[in-house]
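Please work through the exercises below with the sequence and the coordinates open beside you.

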2 protein chains.
Amino acid sequence: MTPRILDEAALQAREEQIIDEAIKLIAKLGIENLTMDKVVAKVPYSKGTVYKHFIGKEDLLLAISNQAVKLLSGLFLRAFQFEGGTRERMLLSNFSYLLYAILHPVLFQTEICAKAPNVIGKSSEARIKEQDVLETKLMGAIFGIIEEAIADKSLLLPEHMDIQQLCFANWSMAYGTIALLSGEVEQCSGRTNLIVERELFNQCNLLFDGLQWKPLTKDKQHCSELRKTIEQVFPNELMLIKEKGRELNF
Amino acid sequence: MTPRILDEAALQAREEQIIDEAIKLIAKLGIENLTMDKVVAKVPYSKGTVYKHFIGKEDLLLAISNQAVKLLSGLFLRAFQFEGGTRERMLLSNFSYLLYAILHPVLFQTEICAKAPNVIGKSSEARIKEQDVLETKLMGAIFGIIEEAIADKSLLLPEHMDIQQLCFANWSMAYGTIALLSGEVEQCSGRTNLIVERELFNQCNLLFDGLQWKPLTKDKQHCSELRKTIEQVFPNELMLIKEKGRELNF
DNA sequence: ACCTTATAGTGACGAAACGTCACTGACGAT
DNA sequence: ATCGTCAGTGACGTTTCGTCACTATAAGGT
């Protein structure tokens, strides 16, 4: 009466397989040339099956973005677990975001795209909900660092702001910086001469100094410290970046 | 021998007419449901003519975004020309961006979309160049305020940062905040309880305090001052917002 | 007046992408 | 062996895109 053969795990694996192929296609053709037909052609499943997983192209894009956020979560967690001062770890978190953006340009690009209303507007409810959960979880690591900072007195919560608002302040600053600069490698724009890692570093410090988050910039060499910390916590990522011929300048 | 009848001005007018109809369509159907066919149907010109102006849908979107930036420029200029302290005017600039985002959600939404690589990737070179020029011009107002601030000693340029970087720091902060929050009216997210105008206000002050931009938050009631300034410089905009049933809470 | 010529404008059309649905087949239950 | 159910298929109708062969128009020449 109930001959169900749907294996939840296998289903999940298949979904990831489709996502992986889509990522490869974006890397090869650019996100603007991704089509469902091409994805279906790359994958050992039929159109109908693919559409069982994703209600449309936008839904697939959001799924890729969610996948990316999962990957990012891992980096955030490592930054969170690093033994060091709270300000240092917060800075490290933001830089783990940057490392991810440099190492996985396709994922980051898709994440940006997935924030556009024309994508959200055509995605499934479930997928949007998933995005929400993932981003909330991501914020959790940041939230934790701030809690600790307040507990050990290195940070005093400003009047009329709670921890959540502080989380958001940090997140939006890093997001704005990386989003606006990641695309610009060489453009004859008013934004030339801006190096994403340097601007991110500066802006983090401005924000943290504005919050009076100890130790202040004037009291500590955050720059050299961050360099060491990154080498310690993200050695592989740093190596991969070097292999890409990219160097971090800040 | 040379019967040219192309009137540059009329051509421009027609382009704006097409853009206007597209904006109306986005407002009605949502940006995800905009199609060139629908635009052509709304406009007294044929498909071929429309495609003379815009090489494709993405190019049209970028054109709308550029139109939006022009509108925004006017607001920025008014903030720039306001007679008041430099910090106050900078704050006002950022809020003019917010007013625009609230008053013209379609334009702002399109602006966000137009930053996505899948749109840029399919736009014409000329249009991208135009975007660049417009954004540089926009930055000009911000740049000017900072120059003045440095001149009158209310702001000291931090070590290892130039004016351009400071401009960018401000821009990316405001962009990140508004972009991440503008979509969220009521969502059951980790980002609930965040009110865009309040967060923008807080983050501006954190950044400016971090820069030691006088007068500091502890020395002045920026909040009530900003309220007055907005009423003075943007009375119409404020009225329109009220008519929309929206109220600024910060 | 009439023809010439070059450009503006048109919309039918083919290609491409989308998303659906009637069908197939595989497997467990009876 | 038969039946019922559901995963999987891919052909097909639809939508959207963008082009291009053609028409209309207007200025200049004769």
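Predicted model: local features only at pLDDT ≥ 70, side-chain atom pairs only at ≥ 80, totals over all residues.

## Exercise 1: Backbone angles in the loops

The position of His160(B) is in the loop between H8 and helix H9 (163-182) of chain B, and His160(B) is exposed, with 59% relative accessible area.

## Exercise 2: Cis peptide bonds

Task: Find which peptide bond to Pro215(A) is cis, and say where Pro215(A) lies.

Solution. The bond in question joins Lys214(A) and Pro215(A), and its omega is about -5°. Pro215(A) belongs to the loop between helix H10 (196-210) and helix H11 (222-233) of chain A. In chain B, the peptide bond from Lys214(B) to Pro215(B) is likewise cis, with omega near -5°, and Pro215(B) is placed in the loop between H10 and helix H11 (222-233) of that chain.

## Exercise 3: Cysteines

Solution. The criterion is a pair of cysteine sulfur atoms within 2.5 Å. For Cys167(A), which is in no disulfide, the nearest cysteine sulfur is that of Cys204(A), 14 Å away. As to accessibility, Cys167(A) counts as buried at 2% relative accessibility, and Cys167(B) counts as buried at 1%.

## Exercise 4: Packing of H5 in chain B

Task: Describe how H5(B) is oriented against H8(B) and against H10(B), and list the residues that meet in each pair.

Solution. Two packed helices are described by the angle between their axes and the distance between the axes. Start with helix H5 (residues 86-103) and helix H8 (residues 125-151) of chain B, whose axes come within 9 Å and cross at roughly 165°. That angle makes H5(B) roughly antiparallel to H8(B), since the class covers angles over 145 degrees. The crossing of H5(B) past H8(B) is left-handed. On the H5(B) side the contacts are made by Thr86(B), Arg89(B), Met90(B) and Ser93(B), which meet Ile142(B), Ile145(B), Ile146(B), Glu148(B) and Ala149(B) of H8(B).

Next, take H5(B) with helix H10 (residues 196-210) of chain B: the axes come within 11 Å and cross at roughly 150°. H5(B) is therefore roughly antiparallel to H10(B) too, whereas the crossing of H5(B) past H10(B) is right-handed. The residues of H5(B) that take part include Arg87(B), Met90(B), Leu91(B) and Phe95(B), and among those they meet in H10(B) are Leu200(B), Phe201(B), Cys204(B) and Phe208(B).

## Exercise 5: Chain A as a whole

Task: State how many helices and strands chain A has, then examine Ser96(A) and Leu180(A) within their helices.

Solution. Chain A has twelve helices and zero strands. The C-alpha atoms of chain A fill a box of roughly 70 × 50 × 30 Å along the principal axes, and 55% of the 250 residues count as buried. Among contacts between residues at least 6 apart in sequence, 71% join residues at least 24 apart.

Ser96(A) lies in helix H5 (residues 86-103) of chain A and counts as buried at 0% relative accessibility. Leaving aside residues up to four places away in sequence, Ser96(A) touches Leu72(A), Leu75(A), Phe76(A) and Phe234(A). Leu180(A), found in helix H9 (residues 163-182) of chain A, counts as buried at 5% relative accessibility.

## Exercise 6: Relation between the copies

Task: Identify what rotation superposes chain B on chain A, and through which surface the copies meet.

Solution. A rotation of 180° with 0.0 Å of shift along its axis superposes chain B on chain A, with an RMSD of 0.0 Å. The two copies are thus related as by a two-fold rotation axis. Because 100% of the interface residues of chain B are also interface residues in chain A, the copies meet through the same surface.

Technical notes. Residues numbered from 1 in each chain as written. Chains lettered and ligands numbered in written order. Heavy atoms only, no water. Buried < 20%, exposed > 50% of the residue type's maximum accessible area, 1.4 Å probe, protein only. Least-squares fit on C-alpha atoms with pLDDT ≥ 70 in both. Contact = heavy atoms within 4.5 Å. Axes fitted to C-alpha atoms, helices over the stretch in contact; angles between N-to-C directions. Helix = DSSP H or I, 4+ residues; strand = E, 2+ residues; numbered from the N terminus. Parallel < 35°, antiparallel > 145°, perpendicular 65-115°, else oblique. Left-handed = near helix turned anticlockwise from the far one by under 90°.
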